[in-house]
Amino acid sequence: MKKQEFLDRLKSRISILDDEEVEDILMEYEAHINEKMNSGKTEEEAIADFGDFNELIKEILAAYKIKDKGQTSSSSTSEFQAWIHKAIDEITEFMRPLIDKVNTLEGDQVGYFIGYIILTLIMVALIGIPFWFLERIGVALLSVIPLGVGHVFGVIFSVVLDIAQLVVCILIIIYGIQRAIEAATLKKPVNFGFVVKTSSDKPEQKSTVEVKTKVEPKAQPEEKAEVKVEVKSAPSVEPTVNVKVEDKAAPKKERVILPFIGNFFVLLFKGFVLVCMLPGFMMVLGLMIVLGIMIALAVKGVYFIGLFMIVIGILSFTSTILDIIYRTVFRKKVSHA
Amino acid sequence: MNSQFKKGVLELIVLQIVSKKDRYGYELVEEVSKAVEVNEGTIYPLLKRLTNEHYFDAYIQESSEGPPRKYYHLTTMGRQQLTELAKEWTEFYDSVNQFMKGD
């Protein structure tokens, strides 16, 4: 095995860990291989010294108290399923930046995010109106040309317009999503009522990190430290809010309501996703029943090979999509504990 | 040598090596190999675990040859753990020896 191949395989198998941890582990192993090569060994020899690859993965994950799922599942389930899992991993890997963005969003940031998305959708709807007018006018004008030529041109014209509209819409959506992510990460206010800037809620995450680094040299297991810090930081936030509230009566509402709205949107968003996933689950269920019937029929000697393939295809596609959505929205990364 | 034996003792050896002076990964692996025959890949997960348990502090330092290296430093807590483990090891070693001589 070559170095890059080894590192790639390693990366894909420990992707369950925090990105930072993964980077760290990869760095260590790469450094080790490089040192080995400096001392005169070949890439292959250096990697062979690590012994059995699966054993190594098991050891690494065990250091984080995680059992190696990939190993057991590939031996106990079919190749097909292993392939599906791999494909899902690949896709989530590809979508990792977006997933991370969504995962790191806080309550009020989700407010901005959703604000921009709504704005984008409204833009897409509005952009249809001028195109619609243009199409009517164009077709009406072209129909003046005699002998049916005008009609043909009219059809071509409207198709071209439709494509143009589609392109514009896609551009708007891409731009909108970019802006939404930007706004969410930078906390830029959008022109909506609910997105006045708030300073009261959610410095929690930052303070956790700060205090954690202070705690680190002390004699405490990380897990305990983290819990403690969170409890500590919560009351430390509250007093500052209270003081401000006493100062001014008017902004009080905003300060209390805004984080609430943010969290409400998070909940709403997750609920919305769940509801959206429901038909997906139903579809999977239905397809499984169909599959069952088909297998029963096949046993009796009636074959629908084509249909069979289609059902399996849709089934795996749907479940893949569901899995991705689930991972994207509800994904909790495993941190070292 | 029995790998279960090694696993337990490896932590002791690694702590002992780092207690003398700060080491980077590869160097540490080499040192360990001098003491016991060990699969090189498995040292890193151990280092990771010991760092997570705050026995080690890790820091990056530039090196004259090649990219910066990650050094491990034994913390006070690590030193306590080392004393503890060394004591356990001695006791264990003595009692097993005693037993083997016994009959």
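**Helix packing and the A–B contact**

Trainee: What share of the 337 residues in chain A is buried?
Mentor: This is a predicted model. To count as buried, a residue needs 20 or more other C-beta atoms within 10 Å of its own. In chain A, with its 337 residues, the buried share is 12%.

Trainee: How many helices and strands does chain A have?
Mentor: Read chain A from the N terminus on: the elements run α-α-α-α-α-α-α-α-α-α-α-α-α. The count for chain A is therefore 13 helices and zero strands.

Trainee: Of the contacts in chain A with a separation of 6 or more, what percentage joins residues 24 or more positions apart?
Mentor: Contact here means C-beta atoms within 7 Å. Take the contacts in chain A with a separation of 6 or more. Residues 24 or more positions apart account for 69%.

Trainee: Is helix 1 of chain A roughly parallel or antiparallel to helix 2 of chain A?
Mentor: Helix 1 of chain A covers residues 3–13. Its axis lies 10 Å from that of helix 2 of chain A, and the packing angle is about 155°. Angles over 145 degrees count as roughly antiparallel. So helix 1 of chain A is, relative to helix 2 of chain A, roughly antiparallel.

Trainee: Which residues of helix 2 of chain A make the contact with helix 1 of chain A?
Mentor: The crossing of these two helices of chain A is right-handed. By class, their contact has six nonpolar, no polar and three charged residues. Helix 1 of chain A brings Lys3(A), Leu7(A), Leu10(A) and Lys11(A). Helix 2 of chain A answers with Val22(A), Leu26(A), Tyr29(A), Glu30(A) and Ile33(A).

Trainee: Which element gives the most to the side of chain A that touches chain B?
Mentor: The contact takes 21 residues from chain A and 21 residues from chain B. On the chain A side, the elements giving two or more residues are helix 2 (19–38) and helix 4 (53–63). With seven residues, the element that gives the most is helix 2 of chain A.

Trainee: Is helix 2 of chain A roughly parallel or perpendicular to helix 2 of chain B?
Mentor: Helix 2 of chain B spans residues 25–35. The two axes come within 9 Å and cross at roughly 65°. Thus helix 2 of chain A is, relative to helix 2 of chain B, roughly perpendicular.

Trainee: Which residues in helix 2 of chain B does helix 2 of chain A meet?
Mentor: This contact divides into three nonpolar, two polar and two charged residues. Chain A supplies Glu28(A), Ala31(A), His32(A) and Glu35(A) from helix 2. They meet, in helix 2 of chain B, Gly25(B), Tyr26(B) and Val29(B).

Terms used
Residues are numbered from 1 along each chain as its sequence is written. Chains are lettered from A and ligands numbered from 1 in the order in which they are written. This is a predicted model: local features need pLDDT of at least 70, side-chain atom pairs count only at pLDDT 80 or more; totals for chains, interfaces and linings use all residues. Two residues are in contact if their C-beta atoms, placed from the backbone, lie within 7 Å. Helices (H or I, at least four residues) and strands (E, at least two) are DSSP runs, numbered from the N terminus. Axes are lines fitted to C-alpha atoms, for helices over the stretch in contact, and angles run from 0 to 180 degrees between N-to-C directions. Angles under 35 degrees count as roughly parallel, over 145 as roughly antiparallel, 65 to 115 as roughly perpendicular and the rest as oblique. A crossing is left-handed if the near helix is turned anticlockwise from the far one by less than a right angle, and right-handed if clockwise. Ala, Val, Leu, Ile, Met, Phe, Trp, Tyr, Cys and Pro count as nonpolar, Asp, Glu, Lys and Arg as charged, and the others, Gly among them, as polar.
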